[in-house]
Amino acid sequence: MTEREVVLVDGVRTPFLRSGTAFADLDNYQLARIAISALIGKTGIAPEAIGSVIYGNVIANTRNPNVARDGMLGAGLDPSTPAFSVSQACISANRAAAISADMIRTGQIDVAIAGGVECLSDAPIGHSKAFRKRLQALQKAKGVGGMFKVFKGFKFKELKPDVPAIAEFSTGLTMGQDCDRLAARFGVSRDEQDAFAERSHKLAAKAWEDGLLSDEVCRAQLPPKFEDIDRDNGYRGDTSLDKLAALRPAFVKPHGTVTAGNASFLTDGAANVLLMSRSKAEELGYDSSVVLRHYVFSGQNPDGELLLGPAYSAAACLSQTGMKLEEIEVFEFHEAFAGQVLANLKCMESKTYSKDLLGLESALGTVPMDRLNTLGGSLSLGHPFGATGARLLNTARNRLIRENGRYALIAACAAGGMGSAMLLERRTV
Amino acid sequence: MKDFFELDQKGDILWVGLDQKDGPVNTLSNRMLTAFEELLAHIEGESSIRSVILISRKKDTFIAGADIKAFSEMASSDEAVHLSREGNRLLARLENLQRDFEKTVIAAIHGAALGGGLEVALACHRRIVTRSPKTVLGLPEIKLGLLPGGGGTQRLPRCVALPTALDMLLTGRNVHPNRAYKMGLVDAVVEPEALEAAAAHAASHGLRSRAGSRKLPWYLNNALGRKVILSKARQKALEKAGPHYPAPQKILECVDVGLSHGFEKGVQTEARCFGELHGSAVSKNLVHLFMNMQASKGRNVLDHAKTIRSIGVVGAGLMGSGIAEVSLAKGLQVRIDDSNQKALTRAHKKVHASFQRKVKKGAMTAFQGDQRLSGLHLGKGDWNGCDLVVEAVFEDLELKQTLVRDLEARVSDRTIIASNTSALPIHKIAANATHPARIVGMHYFSPVPKMPLLEVVAQPSNPDWVVQTAVKLGQKQGKTVIVVQDRPGFYTTRILCAYLNEALMALEEGAGIREIDSALIAFGFPVGPLALLDEVGIDVGAHVSTGVVADVFRQRGFESNPVLKKLVADGLLGRKSGAGFYDYCAPDKPENPDMKRYFNEQVGSPQQSDELGQRIAYAMVNEALFCLQEGVIRSPDDGDLGAILGLGFPPFRGGPFRFVDQMGISAFRKEMEGLAKCHGERFQPAAILEEMDKNGEPFFGGG
C-alpha cells in the first residue's frame, strides 16, 4: 500500500470574497478556471501529467453543470484529462479530494487536481414550477392560438422567482434554525458564540497581517479595471464583542442565538489542491512530505443532528486509524456557524455525548483552542460551499509544515446531515 | 487528369477530388489547367452528370493558389498573360456549365482557399465551407505585388458588396468562415465532418445562393455611387502604398473597367495588368521575399532543439508583454514578472485586450480566449518549470548581468536564459554567469505582436541545442528567425546605426530634417531615419551608436557624432519627451526649430533628393555587405530578411543584397567609390564585392 501513498503536494485558492463584491460579474466556470490556472502557474506541473480534475460545487448554474470539465478546459488543460464535478453540500471538495486519492491509491492515475468552487453572486434564480410548465409548453405551441392557450389561467404570482434557499430539504428548516437548535441542545450560549466569532475574525486578520495566507491565495485581476484582488475581504479585524452583541438574531426570533455576526457569510471563491502518488511527487521533485492518510464521511439524522458531522466523522477517522485526539497538532474545522463548531467540540469532550451519540467508551477528547483554526476559519475567511474543503486541506498542510507538526485533522459538516474528516500526516524522514 | 483529379460519379453527381499527386497541397499551374480542360470536356460531354462537386483530398487545404515558384520562374510576362487568359477561359467554361448545360458546380471547401483557389471557387455556382480555423478565404496576390489574374477582380465585386471586395483585393486579408457567410461570399457554413453530406444535399436538393445578397445602400448602388467608392479607394491606396507599388492601382483599374464595361472587358484588362505586374521588379522582389521567408524555416536546422512548453518573461514593458502575448497565442504557459506592479498590470491588460480583439473579430471564440489567457501567470513564482526565460528589462549592462545571475539561481539546469537586447553584447551580459553557454540573445522588434522578425544572437560557446531551441521558440511565436553572431550591434542594429549615422551627417552638412526623411520615404522606407530616431528614443539611439558599434565604425573612418548625447542631456528624447527632431506638441508635428542650434547652421547647397536618399540608404546596404563578409550573418538571404522585416528596408527592392545584385555589383562598387571620394572613407565598399565583381558572380545565382 505504501508505494501508492497519496501526498498533498501544494494548493492554491482564489481570494474568498463576500458575494456581490469584486467577483460579482463572474460565475462558477470563471472562478474554477482562475483557480486551476493559478495552480498550474504555482506548481509548474505539466498539464499532460494531470490524470484527473474533480471539483465540488453546490449551487450549479445551468450553463456549467459539470464545472470541473468546463473550468479545466478553459484553463487550457489537456482535453485527454477527464474531469467531473461532485456535489455533497459543504464537503463537496472533501469528496473531490477523497475520490482523487482513491484513484491514485488504486493506480488509475498519478496526479490529480481536487477542489471546488462556488460563485453565490451568480446563484441561478429560476421560475416557479407553474411558470416553467408554461414555458415548456410554449416551445411546442403552434400558432398564436396555441400560445394563447398556454397562458390560459396565468396568475402573476407565478412570476415570483425561485431562489435557491440555504435550507435543509428534508426538514424545511434553514441552516441557521438548525444551528440554533443544536446550540440550545448543547448549551452553547450567545456569548460563547460571539466570542468564537470574534476570535475567528481576529485570527484571520492577524494571519493576513503576518503574511501567513498570501501563499495560499492567488492574485486575480479582472477586466475592466484589472485591480489586484489578492486577499479575502470578509474578515473584520476591528470587530468586537460589543459590536457582535448588538446584532439581533437572524433566524429564530426573538430568543435565538445565531446572528449575522456569528454565522458564515455568502462567499464567492474557488480552491484546489494538487495530489500525487508519493513516487510521482518524488520523481517530479515536489515536496512529498505531507501524506493524506485517511478520510471518513459520516451521515446523521438531518432532523436534529444536521450539523454534527464533524464529531461523528472525526471519531470514526481517529478510531479507524487507531489515533487519539491528543496526537493531533493541527486542527482545521469548517466554521459554518460559531454555534455549530462549539456544539461539536462540546459533543467531543463530553463523555455522555461521546458515548450516546458517537458510540465511544469515553470522551473523544478536548480540542485545544490554540491548535484549532489558528489562521481564521469559514466565519471570517468565507465559505464558498464547494471550495471550503480544499481550503481546509491546503491550510492544514501548510500549518503542519510551518509548525513542524506531524498530524493534522480537518473536519466539516454538510447539509443533509453529513460530515467529513480527513487525516494528514507529515513525514520528516 | 489523374495527376490532379480523382473522379467518382455517384448517380448524377460527379465528385471531383482535388489531389495533386506531386505535391503536399493543390496548386494551380499550366499542367493543372490542361488537366482541368480535359475535365471540363468530360463534364460537358457526359449527359448523366447533373451536378459537380469540387472537394479537396488534401489535408486542410482546398487550393492554395498558384504555384508561386513555377510562376516566378516564368521567363516572360507574355506567359503570365497567357496563363491568366487561359485560366479565365476555363473558369468561364466552368461557370457556363450552368447556362449551357444546366449543370451546377459546387465548391466544397475545407482549409485554405487562397488566390487562384478562391477564384476557382468564385467561378463555381455554390460555395460551402467548413466551420474550422483552418478554413480561410482570401486573395493575397497584392502582397506579392500582383493581382488576382483568374477573374478575381471581376467575380468578387459581383459576389460581395463593392467596399468589401475592395478591402479583400487591396489588403489581401484572409476571411474566416462566419464572416465569409455574412458578406455573401459563401452560401453555407457546415461542420468539417459534414462537408460531403452538405455538398451532396446541396447538389440534390439545391441551396440558396447568397452571392449578391449584401447590397449597397440605394444611393450608392448605381454607376455614380460606385465611381465615388472607387475614387475614394484609389486615393486611400495611393496614400497607403505610395508610388512604389503599382498593384493597387491596377486592381482598381480592373474593377472599374469590369463594372463600367462588363465582365468580358474586365477580364481582358485583368490579363493585361497581370502580365504588367508580373514583369515588374517590384513583384519579383516581393515574390522572392515571400519564398525567402518560407525557405528560412528550412535553413534553420532544428534537430537538437528542445520542446518548449513554458517560458518566463522578466520585465513587463512593451517588449515583455509583447513576447508574452505572442507566446500565449500559441498555447504556451507564460510567467511574467516585473518589480513594478503597475507594469505587470498593464501587461495583463494589454494581453487581455489583444485576445478580446481576436474574439471580436471572430478569429477565436471567447472560450479559446480564456484558454490562452489562462496560460498567463503574473509575478514571482515557479521559474523552475520554465524551459526558457527571456529577460526584457531596460538596456543596461549591469542590470542585465545582475538579473542573469539572479535568474540562474532560480531556474533549472536545463533552462535557457535569453536576453532581449538590441545591441548589448551577449558575452558581456553572460560575463558573470555560472553557465554562460546557456545564455543566448533574442532580439525582438517592437511592437512584438506586429513585427515579423526575431534575431537570435549566438555566442560561439552556445551549444547547438541552445541556439536551436531559441530559434524554434521564435518560429512557434510566428516569427521569421535569422541567426546572427554576437558581434557589436549584431546585424540589424549595426546596419541601422550606419544608416542613422549617415542621416545625422547629412543633417550636419545642412540638409533639412524633413528633406532627409522625405528622401528616404521616397526611397521606400516607411518612415524617415530622423522620425525613426524620435520614435525609438534619441537616448536609445545615443546609447547604441556611441557604445559597442562605435568601435567597429571608428576603424572604418566613421566619425562618432557627439550631438546625440547633447540632445539627450538637454532632454530632447524624441516623441516620448514631446520633442526631438520634430515637435510633437504642435499640430502637424513640424520640424523642431531648436535643432538648428545643434547642427551646422549654415545651409549647405541643397542636395538632390534622390542623391540624399541613396547616400543614406547605401550606408545601410554597404554595412550589410560588411556583416556578410565578417560572418555576422549566415547568408545574403538572412541579410535581406533582417533588413526588410526588422528595419523596414523597402520590400520591393528585395533587401540590401538583392538590391546590389539588381543594380549590378560593379555599378554599386562604382557608386560607393564615388561616395567615398565625396563624403569620406566610411563609404569604402566591402571587400567581398571586389572578389565577386572579378568573378562576375552575384549574391543570388539567377538573381
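Which residues does B:F657 touch, not counting residues up to four places away in sequence? The model is predicted.

**View 1. Contacts of B:F657.** B:F657 touches B:Y491, B:A624, B:L625, B:L628, B:I633, B:P636, B:G639, B:D640, B:F699 and B:F700; residues up to four places away in sequence are not counted.

**View 2. The largest nonpolar core.** This core has 88 residues. Those with the most contacts inside it are B:Y491, B:I516, B:L520, B:F581, B:F649, B:F657 and B:F699. Helix α25 of chain B, residues 609–629, gives the most to this core, with twelve residues. Apart from it lies another core, of 72 residues, which includes B:L28, B:F36, B:L147 and B:L162.

**View 3. Packing of helices α14 and α15 of chain B.** Helix α14 spans residues 341–361 and helix α15 spans residues 366–374. Their axes come within 9 Å and cross at roughly 155 degrees. Angles over 145 degrees count as roughly antiparallel, so α14(B) is roughly antiparallel to α15(B). The crossing of the pair is right-handed. On the α14(B) side, B:V351, B:H352, B:F355 and B:V359 take part, and they meet B:A366, B:G369, B:R372 and B:L373 in α15(B). By class, this contact has five nonpolar, two polar and one charged residues.

**View 4. Packing of helices α28 and α29 of chain B.** Helix α28 covers residues 665–679, and helix α29 covers residues 687–695. The two pack at an angle of about 140 degrees, with their axes 9 Å apart. α28(B) and α29(B) are therefore oblique to each other. Their crossing is left-handed. From α28(B), the residues B:I665, B:S666, B:F668 and B:R669 meet B:L689, B:E690, B:M692 and B:D693 of α29(B). By class, the contact between α28(B) and α29(B) has four nonpolar, one polar and three charged residues.

View 5. B:S310 is in strand β10 of chain B, which runs over residues 310–314. The relative accessibility of B:S310 is 8%. Buried means under 20%, so B:S310 counts as buried. B:S310 touches B:Q333, B:G385, B:C386, B:D387 and B:L388, again leaving out residues up to four places away in sequence.

Terms used. Residues numbered from 1 in each chain as written. Chains lettered and ligands numbered in written order. Predicted model: local features only at pLDDT ≥ 70, side-chain atom pairs only at ≥ 80, totals over all residues. Heavy atoms only, no water. Core = buried A, V, L, I, M, F, W, Y, C linked by side-chain atoms within 4.5 Å. Buried < 20%, exposed > 50% of the residue type's maximum accessible area, 1.4 Å probe, protein only. Helix = DSSP H or I, 4+ residues; strand = E, 2+ residues; numbered from the N terminus. Contact = heavy atoms within 4.5 Å. Axes fitted to C-alpha atoms, helices over the stretch in contact; angles between N-to-C directions. Parallel < 35°, antiparallel > 145°, perpendicular 65-115°, else oblique. Left-handed = near helix turned anticlockwise from the far one by under 90°. Nonpolar A, V, L, I, M, F, W, Y, C, P; charged D, E, K, R; others polar.
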